[in-house]
Amino acid sequence: MEDNQRAKFAEWESNEDIKIFREYIKIPSVHPNVNYDECVEFLKYQAAVLELPCKVIQINPEKPVVIMTWTGTDPAAKSILLNSHMDVVPVYPDKWTYPPFSAHMDEQGRIYGRGSQDMKCVGIQFLGVIRALKIENCRLKRTLHVVFVPDEEIGGVTGMKEFVKTDCFKELNCGFGIDEGYASETDVFRLFYGERTMKPMIFTISGTAGHGSLLLENTPGEKAGRLIEKIMTFRQHEEHRLKTNSELTLGDVTTINLTMISGGVQTNVVPPEFKLCFDVRLSHNIGLSEFEQLVEKWCVESGGGIEIAYDDYPFIQSTKLDESNQFWIAFEQAIQNMNLEVKPQIMPGATDIRYIRELGIPAIGFSPMNNTPVLLHDHDEYLQADIFVKGIVIYKNIIVAVANA
């Protein structure tokens, strides 16, 4: 290691926020069956160091929500919610260069660990902002609530979805929320102001059953083949739109993927039914009823005798990025003052912030990670130390702006 690089590495190793970040990564809050006890104790300690009141509530058994509060100079004003989740997705340790919960930092400052991008970095960066502002003796107009929730990676049903229904959440008086985005491989940061509508579909396809040696008519397999072809044609159309229009991002198109097939008992028996399951994420340019009518048409054209079941996910209005949203105006001004290039877009996946938007509260998904490979849920997930530290500065300017709006 050269002298300059050695000095840089020593600087990273001694950085307090990086130390805390790496300590957090080492806590294996990993699915399935996450035990959050160690996370809660770690976060309670961080709150004590920052002299922040800390509340832990149990929405569901063993599903804690940790809330740290920094009261503003105008406690009656709508507050700012800074949200992150404690849980991380499963790992395949043999696929990792370094153990996934070691928080190993290499000579280039790459901090390896499950959750380094998704999203333990963000929660610690929020705390880093408060630490920096307290050192500067800075006070903000609006109260900040730094919230750590469970089970986002499995839909937030036992976490944020239930938390927003509680009196505890209502007492936060939330006016604006910031949650995760994800990395960008270029100089341009991704900023998410909405999410696609999830519309998982399960088809139960009934038809003629009998011996596998015959050419029976209207078998479930025939109908399934026709239906899959129609759905995949639609999928190819959306894929073509994405590839041929550089202005579009993944969140601007509808994605459909066949994820499960079930049915049948043995090779020489044509079964009476098959089940097909599709993961569907609807873009905002197609309405729910319009899409359902299209799917019903496909079922009729495929031979009929097909039942459709949809998982119940509501359409949620995106956050307005215009003058009607004072928090966006402040957010945008902070970005401009830092000369950051940002691309507003629709989030391809789903995050806990949708439960905040569903209440009519404006919210942004933004993780300050540019020039970084997208490694969320991937092997060898890492975040570069300099990017992490710069992210605290970026969040600091944004949070000061929206909290003083």
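## Two packed helices

Helices here are DSSP runs of H or I with at least four residues, strands are E runs of at least two, and both are numbered from the N terminus.

Which residues make the contact? From H7 come Arg226, Leu227, Lys230, Ile231 and Phe234. From H8 come Phe291, Leu294, Trp298, Cys299 and Glu301. Contact means heavy atoms within 4.5 Å. By class, this contact has seven nonpolar, no polar and three charged residues. Nonpolar covers Ala, Val, Leu, Ile, Met, Phe, Trp, Tyr, Cys and Pro; charged covers Asp, Glu, Lys and Arg; the others, Gly among them, are polar.

## About the model

This is a predicted model, where local features need pLDDT of at least 70 and side-chain atom pairs count only at pLDDT 80 or more, while totals for chains, interfaces and linings use all residues. Residues are numbered from 1 along each chain as its sequence is written, and side-chain values use heavy atoms, leaving out hydrogens and water.

## Helix H7

H7 covers residues 220–244, which is 25 residues. The expected span is 1.5 Å times one less than the number of residues.

The buried residues of H7 are Pro220, Lys223, Ala224, Leu227, Ile231, Phe234, Glu238 and Arg241. Buried means under 20% relative accessible area, exposed over 50%, and partly exposed in between (1.4 Å probe, protein chains only). These buried residues pack against several elements, including strand S9 (201–206), strand S11 (255–262) and strand S14 (306–310).

## The nonpolar core

The largest nonpolar core has 64 residues. Such a core is a set of buried Ala, Val, Leu, Ile, Met, Phe, Trp, Tyr and Cys residues joined through side-chain atoms within 4.5 Å. Helix H11 (residues 385–403) gives the largest share of this core, 10 residues. Tyr24, Leu144, Phe148, Ile178, Phe331, Phe366 and Ile399 have the most contacts inside the core.

What does Tyr24 touch, beyond its neighbours within four places in sequence? Its contacts are Cys39, Phe42, Leu43, His85, Met86, Lys120, Ile124 and Phe148.

Most residues other than glycine have a negative phi, and most peptide bonds are trans. A cis peptide bond joins His31 and Pro32, with omega about 0 degrees. Pro32 sits in the loop between helix H2 (16–25) and helix H3 (37–49). The bond from Asp118 to Met119 is also cis, with omega near -15 degrees. Met119 lies in the loop between strand S4 (110–112) and helix H4 (120–135).

Asn339 has a positive phi, near 60 degrees. Its loop runs between helix H9 (326–337) and strand S15 (342–347). Is Asn339 buried or exposed? Asn339 is exposed, with a relative accessible area of 69%. Asp380 has a positive phi near 55 degrees, and lies between strand S16 (363–365) and strand S17 (382–384). At 18% relative accessibility, Asp380 counts as buried.
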